[in-house]
Amino acid sequence: VLNELRELQVANVLLQLVENCAISEQGKSVAESVIIFLHGEEKSSQVDILMDRSVVTNYCIPIMAHTLKGSEFRGMFPHLLYSAKLFQVLSRCRQYAERLVQDPHKVVHLLLRAVNPNGPPPRVETDYEGRRLVLEALWSLAHFKLWPAENDEESMKFIETDKGLSQLRADRHIGIRTAAAGIYAQLHSDLVLEMLMVGRRLEADGWLPPGFWK
């Protein structure tokens, strides 16, 4: 479906809508989201235009903030699944990931609030998938070594205490557990490599069943 929409140049039509000053913010609905979903995973002219219009500050951050509050944004009540998708998609492109962390206290800390295991319970079932997408966004930022930032106490508390990332690694939702484990592995790559080497040696010496370490 996404490829078909790209071929139809839907994003270009929506860009005209976004850039039309005569149309209200409510009238533009979630046009920016659709453009990002279609073209945000890699550098593109369409998303570059949105970035020039400060889409992170003026759109991504507000829609996530309203999502977490359960309040109205542009005439609707956004779901975490779709708000989180914005950050998950943009974080997969290094250039756009760098834009996300220009002010980590706004973006990263908002994402941490979204996955706080001790925060409010999910409102709807899709919130679990939303949390997974938020964690995948953080995972991508860690992969690009853009997170955690130096002296970011809130992020370090999330990573190092037993009430943040550690708790999410034991979550009942497999997607959340997988993404949380991915973040841990990314941040502790030397330890993971050492464990893999030990496991392979044990398997080669016959101490583990064939294929066990996969």
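1. Overall content. This is a predicted model. The protein chain holds 14 helices and zero strands. Read along the sequence, its pattern is accordingly α-α-α-α-α-α-α-α-α-α-α-α-α-α.

2. Taken along the principal axes, the C-alpha atoms of the protein chain fill a box of roughly 70 × 40 × 35 Å. Of the 214 residues in the protein chain, 41% are buried. Among contacts in the protein chain with a separation of 6 or more, 61% join residues 24 or more positions apart.

3. α2 against α5. Helix α2 spans residues 10-19, and its axis comes within 10 Å of that of α5, crossing at roughly 15 degrees. An angle under 35 degrees counts as roughly parallel, and α2 and α5 are therefore roughly parallel to each other. Their crossing is left-handed. On the α2 side the residues involved are Ala11, Asn12, Leu15, Val18 and Glu19, which meet Gln46, Ile49 and Leu50 in α5. By type, the residues of this contact divide into five nonpolar, two polar and one charged.

4. α4 against α5. Helix α4 (residues 31-39) also packs on helix α5 (residues 45-52), here at an angle of about 135 degrees and with the axes 9 Å apart. That angle makes α4 oblique to α5, since roughly antiparallel would require a value over 145 degrees. The crossing of α4 past α5 is left-handed. From α4 the contact takes Glu32, Ile35, Ile36 and His39, and from α5 it takes Gln46, Val47 and Leu50. These residues divide into four nonpolar, two polar and one charged.

5. The α5 side of both contacts. Gln46 and Leu50 of α5 meet α2, and Gln46 and Leu50 also take part in the contact with α4. Ile49 is listed for the α2 contact, while Val47 is listed for the α4 contact. As background, an α-helix has 3.6 residues a turn, so residues three or four places apart point the same way.

6. Helix α10. What is the length of α10, and how does its span compare with the expected one? The helix covers residues 126-143, 18 residues in total, and reaches 26 Å from its first C-alpha to its last, close to the 26 Å expected at 1.5 Å a residue. Within α10, 14 of the 18 residues are buried, so the helix is largely enclosed by the rest of the structure. Lysine 145, which follows α10, has a positive phi, near 60 degrees.

7. Asparagine 151. This residue is found in the loop between α10 and α11. Its relative accessible area is 70%, so asparagine 151 is exposed. Lysine 28 is 123 residues away from asparagine 151 along the chain, and the two C-alpha atoms are separated by 38 Å.

8. Methionine 156. Glycine 130 is 26 residues from methionine 156 in sequence, and the C-alpha to C-alpha distance between them is 22 Å.

Technical notes
Residues numbered from 1 in each chain as written. Predicted model: local features only at pLDDT ≥ 70, side-chain atom pairs only at ≥ 80, totals over all residues. Heavy atoms only, no water. Axes fitted to C-alpha atoms, helices over the stretch in contact; angles between N-to-C directions. Helix = DSSP H or I, 4+ residues; strand = E, 2+ residues; numbered from the N terminus. Parallel < 35°, antiparallel > 145°, perpendicular 65-115°, else oblique. Left-handed = near helix turned anticlockwise from the far one by under 90°. Contact = heavy atoms within 4.5 Å. Nonpolar A, V, L, I, M, F, W, Y, C, P; charged D, E, K, R; others polar. Expected span 1.5 Å × (residues − 1). Buried < 20%, exposed > 50% of the residue type's maximum accessible area, 1.4 Å probe, protein only.
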